[in-house]
Amino acid sequence: MRRRRHAAWRAVLGLIGLAGCGPSILFSGHTPDRTRRVDVVAESGIQYVAIDGRRASGYRAVVAWSLTFSDDSKHLAYAARLADRWVVVADGRPGRAWDGIGEIALAGSGRLAYAAQDGRAWRVVADGLPGPRFDAILAGTLRFSRDGRRIAYVAGDRAGVRAVVDGRPGARWDGIGQLTISDDGAHVAYAARRGATGHAVVDGVVGPAWRAIGALRLAPAGGRSAYAALDGASWRVVVDGEPGAATGRVRSLVFRDDGRHVAWVSEMDDANLVVLDGAPVAAWQEPRRATVAFAPARAPGSSPGLAHVAPAAGGGERLIIDGEAGPIYDEVGVPVWSADGRRLAYPARRGRTWVAVVDGRALAGGSRVCGLTFSGDGRRFAYLTRRGRDWFAVVDGRRFRFDLVIEDSFAFSRDGASWSLIAGDLAAERLFFAVDGRRRVPLDAREVYSAAARLARGGPLLDAASDEAAPELLRSWSRAEAERAARGGTRQVMSSRSRE
């Protein structure tokens, strides 16, 4: 899957490789809802942010990668150089001057936090109030909870590193990773190391010592926790503080959205296990990629709704849902549940032909099937498939042809009324949003390059981190365009050459 996603990104960049980019535009993008264009422009020795072409105040420099939007698109913040110092400009207003600016975080409520250099020290400024001084604020750790009420980050000094939650520093450690806030904002956890031992710290309570801490998860709600712990030569999954049986390397550790069930896959020397709530539910001998996926909870006490792929006794693979086996295929891909947990789809292959299996029914495919997507209410279903050199979006059984599609970019609007994906015209060497199969909304090459540059800040564009971030970014762009169409919004539209 990663190789295929890499190929998709290379196709994007290759298609726009000949597109021009004005030297005065340093960054080009849109607000998350894609209703307003945002550029960073250099002109006459100054730099400024322009929104829909209207320029804001100029500065000696604007840090393009620092542009940060709230999810509702109502707030924008970025770092800018004013004289010989740096400020964070929030909604057009510069704040206090500092010696340097690091990471910036914006909550949907408009709460602002950022890392600021104060002489030789670094502090996190939240809601305009500077926090305690540290030697460093670790990159990539500053975050708000989903509701914006809580804030956490990791800071370091000569004595070690500390997790700081809501302005209160925790104990010092030699290393901290996997800082996590639960979806309901009620709980905070992280993995910590002191010397040669690792610990899981949940809501400030330090767990027992282990050789290492693997995947650490908080349930979205309910206050439960789980993590993989290395005990000697074996791994164990510790659920709510209780270690399980010795097992092999653990991956795909997931909670159901209500926190009532937890499942994982363990890789053993002589077997691979799928475990549900501590009890093995499937095992097989041959190694394979293993995935577990919970259906969203429909009601308390409902069946777990656990789907996983396992080899069939006579060869091939089949999808297992709560112990009930589906039809046998040569290969079965990752299952996708509808948001209400009532429908399930997955790609499957027999011979060289892939199909999309939805609600147990196989739909026509081709040499590739991907992008399986349900609308939010679960009533509509779509997928992408390739036949020969052509790509097709199949939406509610209706096919739309394209030269090129970006595999992870399909999205429905929230109400399911509209859909969008990113596609390409190979002859014209341009990308566009295909909206409801009838409109082509241009996608500026500069915006793709700007997004790629931001994703590459922590390493190569196609590294493991951006492998996950890039598809979600592109999907969010498509979702925003679908939302605009559902609301009756208009954008510049290209002439359509696509045929059904």
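Close-up 1. Asp183 is partly exposed, with a relative accessibility of 35%. This view comes from a predicted model. Arg146 is exposed, at 68% relative accessible area. Asp183 forms a salt bridge with Arg146, and their closest N and O atoms are 3.6 Å apart. Asp183 sits in the loop between β19 (175-181) and β20 (188-194), and Arg146 in the loop between β15 (143-144) and β16 (151-157), so the pair ties together parts that are 37 residues apart in sequence.

**Close-up 2. The salt bridge of Asp166 with Arg150.** The closest N and O atoms of Asp166 and Arg150 are 3.0 Å apart. Asp166 is partly exposed at 27% relative accessibility. Arg150 is buried, at 17%.

**Close-up 3. Arg440 and Asp425 form a salt bridge.** The closest N and O atoms here are 3.4 Å apart. Arg440 belongs to strand β48 and Asp425 to strand β46, 15 residues apart. Arg440 is buried, with a relative accessible area of 7%. Asp425 is buried too, at 0%. Elsewhere, salt bridges that share partners join Arg37, Asp39, Asp444 and Arg446 into one network. The structure holds 35 salt bridges.

**Close-up 4. The largest nonpolar core has 16 residues.** Leu384, Val395, Phe402, Val405, Phe410, Trp419 and Leu421 touch the most other members. The elements giving two or more residues to this core are β41 (381-387), β42 (390-395), β43 (398-402), β46 (419-425) and β47. Beyond its neighbours within four places in sequence, Leu384 has contacts that include Val369, Trp391, Phe392, Val405, Phe410 and Leu421. A second, separate core has 15 residues, among them Ala228, Leu230, Val250 and Phe255.

**Close-up 5. Asp359 has a positive phi, although it is not a glycine.** The phi of Asp359 is about 55°. Asp359 lies in the loop between β38 (353-358) and β39 (361-366). Asp359 is partly exposed, with a relative accessible area of 43%.

**Close-up 6. Asp436 has a positive phi, although it is not a glycine.** The phi of Asp436 is about 55°. Asp436 is placed in the loop between β47 (430-435) and β48 (439-443). Asp436 counts as buried, at 11% relative accessibility.

Definitions and conventions
Residues numbered from 1 in each chain as written. Predicted model: local features only at pLDDT ≥ 70, side-chain atom pairs only at ≥ 80, totals over all residues. Heavy atoms only, no water. Helix = DSSP H or I, 4+ residues; strand = E, 2+ residues; numbered from the N terminus. Buried < 20%, exposed > 50% of the residue type's maximum accessible area, 1.4 Å probe, protein only. Core = buried A, V, L, I, M, F, W, Y, C linked by side-chain atoms within 4.5 Å. Contact = heavy atoms within 4.5 Å. Salt bridge = Lys/Arg side-chain N within 4 Å of Asp/Glu carboxyl O.
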